[in-house]
Amino acid sequence: MKSLFFGGVHPAGRKELSAAVPLSAMALPAQAAVLLRQHIGAPCEPLVTVGDTVCVGQKIADGGGLCVPIHAPVSGVVDAIEDRPHPGGGVCPAIIIKNDFLDTPAPTMKPYSHPERSTPTELLSIIHEAGIVGMGGAAFPSDVKAKTGMRQTDTLILNACECEPYITADDVLLRTRTSDVLQGLAVLSHVLGPDRTVIAVEDNKAEAAALLREHLADFPGVELKVLPTRYPQGAEKQLIQAVAGRQVPSGGLPRDVGCAVFNVATAAAVYRAVYEGTPAIERVVTVTGEGVKQPRNLIVRTGTSFLEVIAAAGGLTDDVWKVLSGGPMMGVAQRDLSVPVTKSTNAIVCLSNAQNGEAPHPTCIRCGKCLEVCPMRLEPLYLHRYSGAGDLDALDRLHLMDCIECGCCAYACPGKLPLVESFRRGKRALKEGVK
Ligand code: SF4
Ligand code: SF4
């Protein structure tokens, strides 16, 4: 089948490593390190102090502006508020909770009565108060996305592509909690009022697609679109192109072309918030790769360390090469495995030495392969050169900020040049305006 967007690549999926293992809940951690930066926007400020007793689901941090609250993932006592490593890089203040293993729920953890009769404004408030963010990795506050899309969205898309290799967290959610995901989507549809609601799934998820088809009888008007598998189809702009045939302009947003895109795990979180009164305190994490002994999907409370999640999957193999937060195309390599799971940690991918394909050539050989695969039609070879030279005017002229950091260029590059790292550096320099 022909690709429905420009560029892209077809890396080995390796989803079979974890897809067939039944979803299970991980044991609760003895300590939860709850990072205060788990969304795009302003970090939260703590609402608790050292020595306070907290319940599961209790709001423990919040802030103003572009910010959603953070809740306690375990019950217990606040042991410390201190800097901890962040899976996105650097360090970040965290509330450290010593688990009392009583799992005492906060009084606020109760279902809303008659959510189906709630107004869009009331539903937005529930989504905000539950601290829900884009759980596919973007971490943008979901209430803000939904609110700014109201009256501008004619097409609502549920992004069930999960195009990153290795990751199966959304696939397993679709197969085990199909109805929850669809009810969460129905809530988002009620808020946004689109003309068209589409679930987009790639053709490598036949079982999930079949289950969705069965359940759609209860959700009239929702379409299922099965797309040919191709990376990065799950990126918002590429998905909108594939589903609605519309091009988001440079620097623009999906709502500029009448679209809103939400991820599967986000829809499931919306369901839990609205129908069960549970805020964003846990998520499905795929822990997989040739570098971990028993790849699987686990339901993990936020604040649990990567090390504990990896231990629950049998531990690392002797030939582990690197551990990533996220997939091999867009993930961030981790140095310190005490780093905690956040709301947007969809996967911990452990690669072995056999996957180490780094740096045969130190320089660009001008083969042009990166130009052919860039889904944003950028010129990665020049972006790399100008980022290295610190030429901000050239980076701006060549639209570096449109780069979605998908890694297609680096994947296709025969020299295995560190293109994405170079673009991230260039973007930081552009934002800060320094050469
Ligand atoms: S990482 Fe950026 S430059 Fe490279 S292919 Fe993706 S969008 Fe294009
Ligand atoms: S693919 Fe790599 S080697 Fe080829 S032109 Fe692009 S940056 Fe240069």
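Two strands count as paired if DSSP finds at least two bridges between them. Helices (H or I, at least four residues) and strands (E, at least two) are DSSP runs, numbered from the N terminus. By that rule, strand S13 (residues 282-288) and strand S17 (residues 347-352) pair in the parallel sense, over three bridges. This is a predicted model: local features need pLDDT of at least 70, side-chain atom pairs count only at pLDDT 80 or more, and totals for chains, interfaces and linings use all residues. Residues are numbered from 1 along each chain as its sequence is written, while chains are lettered from A and ligands numbered from 1 in the order in which they are written.

**The sheet**
- Six strands make an open sheet with mixed pairing, in the order S1-S14-S13-S17-S15-S16.
- Strand S1 (24-25) and strand S16 (332-333) are the edge strands, each pairing on one side only.
- Thr286 stands opposite Ala347 in S17.

**A helix across the sheet**
- Helix H4 (residues 169-176) lies across S13, strand S14 (296-301) and S17.
- H4 runs at about 125° to S13 (axes are lines fitted to C-alpha atoms, for helices over the stretch in contact; angles run from 0 to 180 degrees between N-to-C directions).

**The whole chain**
- The chain has 14 helices and 17 strands.
- The C-alpha trace spans about 60 × 50 × 45 Å along its principal axes.
- Buried residues (20 or more other C-beta atoms within 10 Å of their own, with C-beta atoms placed from the backbone) make up 49% of the 435 residues.
- Of contacts (C-beta atoms, placed from the backbone, within 7 Å) between residues at least 6 apart in sequence, 72% join residues at least 24 apart.

How values were computed
Contact = placed C-beta atoms within 7 Å. Buried ≥ 20, exposed ≤ 12 C-beta atoms within 10 Å, placed from the backbone.
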